[in-house]
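Let's take a friendly walk through a protein chain. Have a look at the model below, and then we will go through it step by step.

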Amino acid sequence: MKYLLSFLIFLIGISCGLEQSKKRERIVVHCGAEQIEGEHFLSDSTRFHLSNAAARVNTEAYQGDYSLKLTNANPFGMSLMLPDVKAGDEVAISVWRKGEEKGYVCASKKENSDFYKSTNKVVAEAGDWKQLKLEFSIPENYGDKELKIYLWNAGEKEVYFDDLVIDIKPKIQQQEELAYDPKDAIKIFIDDQGMQKLRLKRAMAIENGLLESGDDDWVKGIIFYKNKFLNARLRLKGDHLDHLQGSKWSFRVKLKGDGTFKGMRTFSIQTPAARNYLHEWFFHKALEQEDMLTTRYGFAPVMLNGRSLGLYAWEEHFEKQLVEYKNRREGPILKLTDDAYWLDQKVKKKFEVDYTIPSYDASVIVPFGAGRVVGDTLKMKQFNEGKNLYFQYKYAYAKASDVFDVRKMAQYYAMMDATNSYHSEHWFNQRYYYNPVLCKLEPISFDCFADVGIFDYYGANLLAEKAKTELITRHLKLFADKEFQNEYFHYLKEYSSEAFWKKMYDENREELVKLNGAIALEFPKYKFDINQFYKIAQQAREALDSFPDRKIFDQFDDRIMGVRNNYKGKAEMELFPHLVHAYLNGTNEVEVHNFFSDSIEIVGVGKKESFIQNTIGGVTVLPANSRKKYIGKVQTELDNAKYLFLKVRGQSQVVSIYPWPAPQKISSYQQLLKTASNPFLERNDTVYIAGDNVVNSPVLITKNKTVVIAAGAKIDFVQGSTFISYSPIFAQGEKGNPISITSTDNSCKGFNILQAKVRSELNHISFDGLSNLNYGGWVTPCAVCFYESDVTMNGVTFKNNYNCDDALNVVRADFNVENCRFENTFADAFDSDFCTGVVRNTVFEKPGNDAIDFSGSQVLIEKCTINNVVDKGISGGEKSHLKVKNCTVNGAKIGVASKDQSIVEIDRSILENVTYGLVAFQKKPEYGAGTIKAQNIKVKKYLFMHLVEEKSMLYLNEKEIFGKEPKVAERFY
């Protein structure tokens, strides 16, 4: 009822809508130099007078008898001042030119100050005559009402001009005529108060030349989409003013409660032009095909308060749904703050001052959703790990393979070079996902093309060619890593082939044609051209084929960037809060970084911004941004201080203290590697393990090896040791002579196989008394982990694992588990995420939580016995598809569960001694309902035969049971 009341209030308040304006006529001027009046040319309609008719000649003409002749002594002509132009107007000017290339068509403000456009680019030819064309939109902060258009000879030789055409098309204010189906539209309703707040924010952005976003910018709104009613908060979005043109504003949208849009909780909508229409969409399709992280991206019509705003591009924001949708384990997403960078541009324009600031050095590594990260101990550990890795990349302190999932980073660079999508590589556009299993960063591609589309950003066909550019030293450090090199050149060869892009085009052609048609309704000049991708790819391939010896990168192996100190001038005080940063190193130490152009005095700390609670003894001064002395540390008597009090230029200042430690040059993963070794016999890249072994330090097996464990071998991991292998395992145990892997002091931190390229085989091996990898911020959920490592298991036992989520966890892999046994596990017995596989003839005895819990997986579970389960016998979640045949569950809270858009098919199975036999529901709002299809199934000794949530479905022995129960998840979580 309250939603309906809110909606009615919004409907009453929409009458104001967006700004209305009278319909303005299109202006078309054509001057062929044929008519004159006194000192002026006349347009064909005689409505407009253009300057310098004295320069008319009849010796040359493109059409008719006359043309304009401009010389070095008389360089300007056909000048015209057009009144009443407005922001968003589309201007197209063309003229035919004969003579040298220094003949230009130009446009500027009346006084030719801060707005100027010109071109001498040839778009068509007719004999000796060449056509020039200049096209642009009037920017939001244009201010003047007049636009000056003229022709200019900037050279020494004479130039002739003829057939000038000026076409000024008013920005569409009303777009109801666009033929979009209303049922496909995102319908937004914002009341008068919210609209006024947005208008004021837009006006400020236009005045400042950029949009500055803050926490108080949000307004309440309601969204309707495909019969879904969604409560939302919205704000203006985008740094540049192209996001605020005319009535087509860009928005960031946060949905409240359990609302989702296409499985997203937070997303943006913006004009398709901002990312060059279909370029971004098509590129995202290529990224998705290559299993690279990127934002979900698409198109939809948008209506605001009942008025059509035309077609918009929607794009996912950086939340956990992004990585989970791409089949990754949840982990923090990191970025560099860019407040100083954008504010610097505003301040310089406002005060017309000349100085430089260290905006890159002063950028802070932060997580998206910082509030949720700080409030969660595990997430905070993960963020600190990712922060340290990002810091190493920022200043080129470490090689690529120490920081990144090398293959993914190589794909990212190869894809950029094959498409010139360098807009995503700007440091303030970079986003990285911290993979908590690998303890590595993985890039997220987004904002790949600006409104100009494919462009040459670095002046080179490959980033690798810019071998002496200081600004990309961090790139070159990557190339000094041979492992990164090999992967990069491999993928660049693939992505720079025309065949790769032709295949992509053929697979998406039908949708491209459909979307191009929708875009053309509003942007008739646009047409997607696949040849642009072919051309850039060919240039990259030619550069690759002619690339010099890779030894050129060896010189960058030891290079670091470090904090620079070659900045000049005095920064404005408005920038101070963005150039001084404080971090909480533990409970009572605050570390301060000074990137400001003046020295600062540290005075004290407090938990409130209004007053000092603990004065720092003595005088602590940090000099102006100095390479060596810009960092200071102070001890405080106040625990967990939140604000730092300072003095600068005789003024008192306060800055917030980040509630995490300052970034370090080493991660937990790297610290662990320092103490890790391979204590086993190695010969010809094969590691042999036999006999009795006691291991008391971390074991590391590097890539491209083979690990063979002989029958009867025993390995006892003690004193917190762990086993980490990037190579496959071949355990050759026998039924009468099994392998034993145990921890007699219950301290083992897991048995981990990570990104092995060859399928592992485990036969007759017992894992007893292991826990998970838990070293600083490197934490895995399981005792035995196979990550991106296919595996076959036969006769394997998992028992008595302690203090971790899963006994066995397989992630992003294919598995075959047969004739195995899980016994007395601490929590879940077998957990798989984003896998394919088979579980057959396997026994699960006394799992501490779920026996089988599979997410995003396609698995056959056959002839398995599950006894005495604390929670669920078999659980499918996050779009899993499980087929369960000839299985028995005896003793469980829930026999079989299907949640979050999963389908569980059960055939010839028995559920006994269960509280709930079959349960179908939705747990996560970004997914849909669960489905169970059960036939030939027996449920014995149950309290409830089934529990089916609203919208979920149960098919029980050919009978359809529609869900009626509300909020089932709340009963179990």
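## Charges

How far apart are the mean positions of the positive and negative charges of the chain? The 127 positive and 128 negative charges have mean positions 3 Å apart. Here Lys and Arg count as positive and Asp and Glu as negative, while His and the chain ends are not counted; each charge is placed at NZ of Lys, CZ of Arg, CG of Asp or CD of Glu.

## About the model

This is a predicted model, in which local features need pLDDT of at least 70, side-chain atom pairs count only at pLDDT 80 or more, and totals for chains, interfaces and linings use all residues. Residues are numbered from 1 along each chain as its sequence is written, and side-chain values use heavy atoms, leaving out hydrogens and water.

## Overall build

The chain has 16 helices and 66 strands. These are DSSP runs numbered from the N terminus: helices are H or I with at least four residues, strands E with at least two. Along the principal axes, the C-alpha atoms fill a box of roughly 110 × 70 × 65 Å.

Of the 973 residues in the chain, 58% are buried, meaning under 20% relative accessible area (1.4 Å probe, protein chains only).

## A closer look at helix H9

Helix H9 covers residues 406–419. Its 14 residues should span 20 Å at 1.5 Å a residue, and the end C-alpha atoms are 20 Å apart, so the two agree. The expected span is 1.5 Å times one less than the number of residues.

In H9, 13 of the 14 residues are buried. After H9 comes Asn-420, with a positive phi near 55 degrees.

Key: Buried < 20%, exposed > 50% of the residue type's maximum accessible area, 1.4 Å probe, protein only.
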